[in-house]
Protein chains: 2
Amino acid sequence: MIKVGILGYGNLGRGVESALAQNADMELVGVFTRRDPASLKVASGAPVYHTDDAEKMKEQIDVMIICGGSATDLPKMTPKYAEMFNVVDSFDTHAHIPEHFAAVDAAAKKAGKIGLISCGWDPGMFSLNRVYANAILPEGKDYTFWGRGVSQGHSDAIRRIEGVKDARQYTCPVESAVEAVRAGKNPELTTRDKHTRECFVVAEEGADLARIENEIKTMPNYFDEYETTVHFISEEELQRDHAGLPHGGFVIRAGKTGDGSRKHIIEYSLKLDSNPEFTGSVLVACARAAYRMNKEGQTGGKTMLDIAPAYLCAQSGEELRAHLL
Amino acid sequence: MIKVGILGYGNLGRGVESALAQNADMELVGVFTRRDPASLKVASGAPVYHTDDAEKMKEQIDVMIICGGSATDLPKMTPKYAEMFNVVDSFDTHAHIPEHFAAVDAAAKKAGKIGLISCGWDPGMFSLNRVYANAILPEGKDYTFWGRGVSQGHSDAIRRIEGVKDARQYTCPVESAVEAVRAGKNPELTTRDKHTRECFVVAEEGADLARIENEIKTMPNYFDEYETTVHFISEEELQRDHAGLPHGGFVIRAGKTGDGSRKHIIEYSLKLDSNPEFTGSVLVACARAAYRMNKEGQTGGKTMLDIAPAYLCAQSGEELRAHLL
C-alpha cells in the first residue's frame, strides 16, 4: 500500500480524497490543515492533523499531495514539504513554472525525494499531448481551447465587484474556430477569436446592474479582450443551475509530413463534470508514479513530462503490455 | 547528431526517411536492404547497404529502425539486430506482443542496448492514451474505433481472391456508436456495431463479380462479422481516388468519480493523410528516446509506455517546461 497524505482540504483536497478511494493500492493516512483540526470533518473519516504536525509523520507517509492555490500557497508549501516527503502539486501559473520548478528541485534533491509539480490537466494532460504531438510532427501548429467550463479565477474577479453577491463565469471555445482547426485550415486566431466568456451574476438588492455589467466587460486581463455576456440571475437559479464545476477543452496539433502535402490532425479532448475531482484523480496517479520513481532512486524536481506512463498505472508492465498496449 | 539506420525500404521505411528530414538533430546514415543495394534508389540519396553488412557498421549507427512486417519479418529481425544496435520497431500483432517483447528484451539486455517495440499509433499513441486514461479514471470503460482508413491486411486479403486484380479496403467507424460513447452512454458494442468495411475492387476482365463479392463478404475473420460493402471500379478509378493510405481513429474512455454521479470523457483522435508517414514520424521520435535512454545506462526491452515523454522531443527539459507545459 502506498501511504498518502493530503495537505489542504478545499475542492481539490476533496477531489483527491475521493480519487484515493478508487485506487486499491493506495491508502489515505491523513488530511493536514492550517485550521483547527477538530473543526474539520472529512468525507472519508480519515484522521485530521495540523500542518505543524506533518514533519513528525515523515516515516508514515510515502507521498504528500499538496492541495493549495498557485498564487500564494504552492510557491511556499511545495518546496517546504519537499524537504520532508515526496510531494505532488497542481501548480498552474504557466508563466512561473520555471522558478517554481527550480525551488522544488533544490529542496527535493537535498532531501532525496521526488517533487512532482504542475500535475492536472492544463498543465498536465494537455501539456503531455502538446509534447507528444510536437515530438511526432515537428512541422505543425498547436491550438489549445478551454471549456465550456467554470473558471474559478474569473468567477472570483466578478465577486470582487461592488454590488455582486455571487457569480459564475464560463469560458467557452468558439465552435467555428475549433472546426477550422479540425479541418486542417491552420487559422491565425486572436484571443477574441478563440474563446467567449459567459457570466451569471447574482446582484445585491438595489445594485446598479448597468454599472456591474460595464465593470465586468471592461475589466483588464480578465474580460476586456473577450466577447463577454452577462446574465443577472437569482441566488436560487445560481444554486440550481450552476452549482457544479464542469470544465474541459481541446488540444489540437495540425502538422504535415513528406513533401508537405500530407496533413495530420492530432486531437485530445476532455469533457469533465467536475474539474476538482478530475484534477484530484490525476494527482493520485502522479502520487503513485512519484512513489515508484523515488523507490528506484530518482530524486529532484519532475513534471508529468518526466514520468514514463507505466508508472502512473496500478497494473504491472506485463499486464499493461498484454492488455492495454 | 543521432545517427540512424533504416532497415527495410517499403512504405514504412520511406515514411521514416521523410520524417528524419524534419528532425535537425538526426542524421540518416544508410538504408539497409535484403535486395541488391545497387538496385535500390532512395529518395534522400542516402547510401544503401546490404543487410549482411549491418554488423560491420555497429559503431556508425546509434539507432536502427526496423521497418518490416509483423507477421514474419519483425519476430526474427528485431531480436537479431537488438544484439548489435539500439533498435525501434512497429510490431503490431497485439496478441503476440508479450513473446516478441521477451525475445527483444533478452537480446537487448545481453548487448547492453535498448529494444523499443510496438511504436506507432496502435499500438503506440492509442496505447499511451488507453494507459493514461485508465490511470486517471480507474472506474470506466474504454472504446477504440479505427478509421476511416485503409487496412492493408484486408486489402491484401481481397487481392488473393481469384479474379481480383487490385483492391483497397476502408475500415469505417460507425458514427452513431462513436456518438453514443462520446455522450457518456457507455454502450455495449459488438464488433458489427463498431465498424463497417468498404471495399473497392478492380476485377479481371470477365471475372464472376457475384462470386467475388460473396467470397469477400463471407471471408472468416476478415469480413464475415462486419457489414461489408463492395464496389467494383476500374483500375483508373482506383489509381485516381484510392492511391493514398489515410487512416486514423478514436480512443475514448468514459469514467466516473466521486459518488459516481460525475462523468468524465477523455478522447484522443487521429486523422492521418498517410498512415506510413505518420507511423514513420512516431518511430523517429522513439529512436531519439531510445538513444537518450541508452546513453543514460538503460538497457533491455521497452515500449512507449516506458518512455518519459520528454525523451521524445528534441527540446531540452527546460525549454519544454517554459513553452509546452
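How many Å separate the centres of domain 1 and domain 2 of chain A, taken over C-alpha atoms? In this predicted model, the answer is 28 Å. The domain assignment puts residues 1–120 together with 274–322 of chain A into domain 1, and gives 124–272 to domain 2. Where the two meet, domain 1 of chain A brings eleven residues to the contact and domain 2 of chain A brings 13 residues.

As for the interface itself, the size of such a surface is often quoted as the accessible area that is lost when the parts come together. Here, about 950 Å² is buried between domain 1 and domain 2 of chain A, and 69% of that comes from carbon and sulfur atoms. On the domain 1 side, three residues stand out: A:Asn275, A:Phe278 and A:Leu305 supply 45% of the area that domain 1 of chain A buries against domain 2 of chain A, more than any other three residues.

Now for the sheet. Seven strands of chain A line up in the order 3-2-1-4-5-6-14, making an open sheet with parallel pairing. Going from one strand to the next, the twist averages 25 degrees. Within this sheet, strand 1 (residues 2–7) and strand 4 (residues 63–66) of chain A run parallel and are joined over four bridges. A:Gly5 has A:Met64, a residue of strand 4 of chain A, standing opposite.

Helix 2 (residues 73–82) of chain A lies across strand 1, strand 4 and strand 5 (86–88) of chain A, and runs at about 175 degrees to strand 4 of chain A. Helix 3 (residues 97–111) of chain A also packs on the sheet, where it touches strand 6 (114–116) and strand 14 of chain A. The direction of helix 3 makes about 140 degrees with that of strand 14 of chain A.

Is A:Asn86 buried or exposed? A:Asn86 counts as buried because its relative accessibility is 3%, and the cut-off for buried is under 20%. A polar atom of the A:Asn86 side chain lies 3.1 Å from the backbone oxygen of A:Asp62. Leaving aside neighbours within four places in sequence, A:Asn86 is in contact with A:Asp62, A:Val63 and A:Met64, with A:Lys113 and A:Ile114, and with A:Ala290 and A:Asn294.

Key
Residues are numbered from 1 along each chain as its sequence is written. Chains are lettered from A and ligands numbered from 1 in the order in which they are written. This is a predicted model: local features need pLDDT of at least 70, side-chain atom pairs count only at pLDDT 80 or more; totals for chains, interfaces and linings use all residues. Side-chain values use heavy atoms; hydrogens and water are left out. Two strands pair if DSSP finds at least two bridges between them. Helices (H or I, at least four residues) and strands (E, at least two) are DSSP runs, numbered from the N terminus. Axes are lines fitted to C-alpha atoms, for helices over the stretch in contact, and angles run from 0 to 180 degrees between N-to-C directions. Contact means heavy atoms within 4.5 Å. Buried means under 20% relative accessible area, exposed over 50%, partly exposed in between (1.4 Å probe, protein chains only). A polar contact is a pair of N or O atoms within 3.5 Å; within protein, one must be able to donate a hydrogen and the other to accept it, and residues adjacent in sequence count only if both atoms are side-chain atoms. Domain bounds come from an automatic or database domain assignment. Buried area is the accessible area (1.4 Å probe) that two parts lose on being put together, summed over both.
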